[in-house]
Amino acid sequence: MAARPTKTRKTRTPLSRERALESAMVLADAEGIAGLTMRRLAQVLGVEAMSLYHHVTNKDDILDGMIDLVFREITLPDADVDWRTAMTRRAHSVRAVLRRHPWAIGMMESRRTPGAETLRHHDAVLGCLRRAGFSIPLTAHAYALLDSFIYGFASQEASLPFETPDETHEIAGEIFQQFPEGAYPHLAELTIEHVLQPGYAFANEFDFGLELVLDGLERAWNLESRM
């Protein structure tokens, strides 16, 4: 008598806080933060909603953990380079991470119970500026200014109704068709002579703005160094 084939049981990855948070991030990336609920997350994980409460307290706890994972993805300032290079690399890393997780833009500095990765990131940035000789007040100014620019640009970039040159042309045409010719001459001039020109990309404005911010901070830093 032939032996019966044995059935192989699929092993399910155990539920953990890390797995729940990573799945929550994937869900938010795909459906937006509004689509993230305990019930929906449990469905994605293939568990009962009550099982989640063994690993996370509530949705706020999930959001805290998700933001901590976002900060973990950001490159920390390199101690082997000058402060300006370190801040430039960090700014580009923050922007790249927020492009992957646009739902996080408005929550990066809003958590009342920040996690270890969040605090480690902040401490590393502050340490980079302090080692460079920034005073405590100038360090505070620099951090606020840099993050205001980076988060603000990321928010504006994420909200634009166009990405490709074709979409830009289409939307510009739709807007100007609604108004009499010559109604907004300066807006028309900028759009025609700059925005609709080959090679234009709003993303390129990031480097221009970042350099202006860093130039201003460098001037302030140099003034402090001479005092």
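His 169 sits in helix α8, which covers residues 165-177, in what is a predicted model. With a relative accessibility of 42%, His 169 counts as partly exposed. His 121, by contrast, lies in helix α6 and counts as buried, because its relative accessibility is 0%.

- The buried residues in α1 are Ala 20, Leu 21, Ser 23, Ala 24, Met 25, Leu 27 and Ala 28.
- The cover over these buried residues includes α2 (38-45), α3 (49-52) and α4 (59-73).
- After α1 comes Gly 32, which has a positive phi near 85 degrees.

**Contact of α1 with α4**

- The axes of α1 and α4 come within 9 Å and cross at roughly 80 degrees.
- The two helices are therefore roughly perpendicular to each other, since crossing angles of 65 to 115 degrees count as such.
- On the α1 side, the contact is made by Arg 17, Glu 18, Leu 21, Glu 22, Ala 24, Met 25 and Ala 28.
- On the α4 side, it is made by Asp 61, Ile 62, Gly 65, Met 66, Leu 69, Val 70, Arg 72 and Glu 73.
- By type, the residues of the α1 contact with α4 divide into 8 nonpolar, 1 polar and 6 charged.
- Ile 62, one of the α4 residues in this contact, touches Leu 21, Ala 24, Leu 36, Met 38, Leu 41 and Val 56, leaving aside neighbours within four places in sequence.

**Nonpolar core**

- The largest nonpolar core has 57 residues.
- Those with the most contacts inside this core are Leu 52, Ile 62, Met 66, Trp 83, Met 87, Trp 103 and Met 108.
- Two or more residues each are given to this core by α1, α2, α4, α5 (83-100), α6 (116-131), α7 and α10.
- Helix α7 supplies the largest share of this core, 9 residues.

**Helix α6 and His 121**

- Helix α6 has 16 residues and reaches 22 Å from its first C-alpha to its last, close to the 22 Å expected at 1.5 Å a residue.
- The buried residues in α6 are Glu 117, Thr 118, His 121, His 122, Val 125, Gly 127, Cys 128 and Leu 129.
- These buried residues of α6 pack against α4, α5 and α7.
- Not counting residues up to four places away in sequence, His 121 touches Phe 71, Ile 74, Thr 75, Leu 76, Arg 90 and Tyr 143.
- Gly 133 follows α6 and has a positive phi, near 105 degrees.

**Contact of α7 with α10**

- The axes of helix α7 (residues 136-159) and helix α10 (residues 205-226) come within 11 Å and cross at roughly 175 degrees.
- That crossing makes α7 roughly antiparallel to α10, since angles over 145 degrees count as such.
- From α7, the contact is made by Leu 138, Ala 142, Leu 145, Leu 146, Phe 149, Ile 150 and Phe 153.
- From α10, it is made by Glu 205, Phe 206, Gly 209, Leu 210, Val 213, Leu 214, Leu 217, Ala 220, Trp 221 and Glu 224.
- The residues of the α7 contact with α10 divide into 14 nonpolar, 1 polar and 2 charged.

- Trp 221 is found in α10 and counts as buried at 19% relative accessibility, because the cut-off for buried is under 20%.
- Trp 221 touches Trp 83, Ala 132, Gly 133, Phe 134 and Leu 138, not counting residues up to four places away in sequence.
- Among these, Gly 133 is the residue that follows α6, and Leu 138 is one of the α7 residues in the contact with α10.
- The C-alpha atoms of Trp 221 and Ala 142 are separated by 9.7 Å, with the residues 79 apart along the chain.
- Ala 140 lies in α7 and is partly exposed, with a relative accessible area of 45%.
- The C-alpha atoms of Ala 140 and Leu 129 are separated by 9.5 Å, and these residues are 11 apart along the chain.

Methods:
Residues numbered from 1 in each chain as written. Predicted model: local features only at pLDDT ≥ 70, side-chain atom pairs only at ≥ 80, totals over all residues. Heavy atoms only, no water. Axes fitted to C-alpha atoms, helices over the stretch in contact; angles between N-to-C directions. Helix = DSSP H or I, 4+ residues; strand = E, 2+ residues; numbered from the N terminus. Parallel < 35°, antiparallel > 145°, perpendicular 65-115°, else oblique. Contact = heavy atoms within 4.5 Å. Nonpolar A, V, L, I, M, F, W, Y, C, P; charged D, E, K, R; others polar. Buried < 20%, exposed > 50% of the residue type's maximum accessible area, 1.4 Å probe, protein only. Core = buried A, V, L, I, M, F, W, Y, C linked by side-chain atoms within 4.5 Å. Expected span 1.5 Å × (residues − 1).
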